[in-house]
Amino acid sequence: MTTSSSERGVSLGMPQPPAPAYPEDVRARLETDAREIIARYPDSRSALLPLLHLVQSEEGHVTRTGMRFCADMLSLTTAEVTAVATFYTMYRRKPSGDYQVGVCTNTLCAVMGGDAIFETLQEHLGVGNGETTDDGKVTLEHIECNAACDFAPVVMVNWEFFDNQTPGSAKRLVDDLREGRPVQPTRGARLCTFKETARILAGFPDERPGAVEEGGSAGPASLVGLRLARGEAAPARVVHPRDGGPHEEPQNRAHRPSMAEHLSSHDAPQQTSASDPAHPAGPAAEEGE
């Protein structure tokens, strides 16, 4: 016995009509930018990723019109462009907010408080994963890994780092974003909108005065191993548990690292919202606030 598609809850529907084209003035402007991008590559189809960022900078997400434009510029099929646009999570497929707030919920960030931060923000903003606030300011999502485990838990806004966050500091962060107050990442340039970020990712310069000089880099905890390898830091020391740990032999008690000497970013608080009262996100009151 077989069941029909309607009985299985599947709607086949009608095929979508071709995507509409951009208005002539918009297309002319985008074509100029697209040709500049394509000229950077010996094989034109290699320009697809930055072209998708370019069309995303136009509307805040990758529309069917944007994918049609990319296909036309690169002599690809829309199916080929769609396959790429749906593979990478940096390309949005529906309207999004001015600020993409991503909370890392991978293993280390999760156990350090990432899960609590994500749950707090969902309740505070009244949105679920991948949803946008009614004012169009913030889109919230969980991210598998921000590649900043030594500063866990980490939140990213438009791909800029906010390290060592707590539920309380994360709430203050999104409130500042929604109210239009200036927000400075822990590492990296001051924030711009998601559309502006997409244009920068397409390969065009950040023209804001001083923004390039503010560009992000690895934090001190990330560079400890490199500094040790270069002989630029003292020899590595064992970081003892905060409660003093098991009984130590006398020779191990000769010098115990101070909080400032510990190699772990969690034992030596960095200048972030969790430890710096002057940080734009504000000082954290207590863990789990």
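User: Hi! In the largest nonpolar core, which residues touch the most other members?

Analyst: Hello! In this predicted model, Leu-51, Leu-52, Leu-54 and Val-81 have contacts with the most other members of that core, which holds 25 residues.

User: And which elements give two or more residues to this core?

Analyst: Four helices do: H1 (24-38), H2 (48-59), H3 (64-74) and H4 (78-85). H3 gives the most, with six residues.

User: Back to Leu-54 for a moment. What does Leu-54 touch?

Analyst: Leaving aside residues up to four places away in sequence, Leu-54 touches Leu-30, Asp-33, Ala-34, Ile-37, Arg-199, Ala-202 and Phe-204.

User: How many residues are in the second, separate core?

Analyst: That one has 19 residues, including Leu-121, Val-127, Val-157 and Leu-191.

User: Let's go to the surface. Which residues form a nonpolar patch there?

Analyst: Leu-49, Phe-87 and Tyr-88 do, and together they have about 320 Å² of accessible area.

User: Where is Tyr-88 found, and why does Tyr-88 count as partly exposed?

Analyst: Tyr-88 lies in the loop between H4 and strand S1 (99-104). Tyr-88 counts as partly exposed because its relative accessibility is 40%, and that class runs between 20% and 50%.

User: Is Cys-104 buried or exposed? And what about Cys-70, buried or exposed?

Analyst: Cys-104 is buried, at 3% relative accessible area. Cys-70 is buried too, with a value of 0%.

Technical notes: Residues numbered from 1 in each chain as written. Predicted model: local features only at pLDDT ≥ 70, side-chain atom pairs only at ≥ 80, totals over all residues. Heavy atoms only, no water. Core = buried A, V, L, I, M, F, W, Y, C linked by side-chain atoms within 4.5 Å. Buried < 20%, exposed > 50% of the residue type's maximum accessible area, 1.4 Å probe, protein only. Contact = heavy atoms within 4.5 Å. Patch = residues over 30% accessible without salt bridge, like charges linked within 9 Å, V, L, I, M, F, W, Y side chains within 5 Å. Areas by Shrake-Rupley, 256 points an atom, 1.4 Å probe, with all protein chains shown as cover. Salt bridge = Lys/Arg side-chain N within 4 Å of Asp/Glu carboxyl O.
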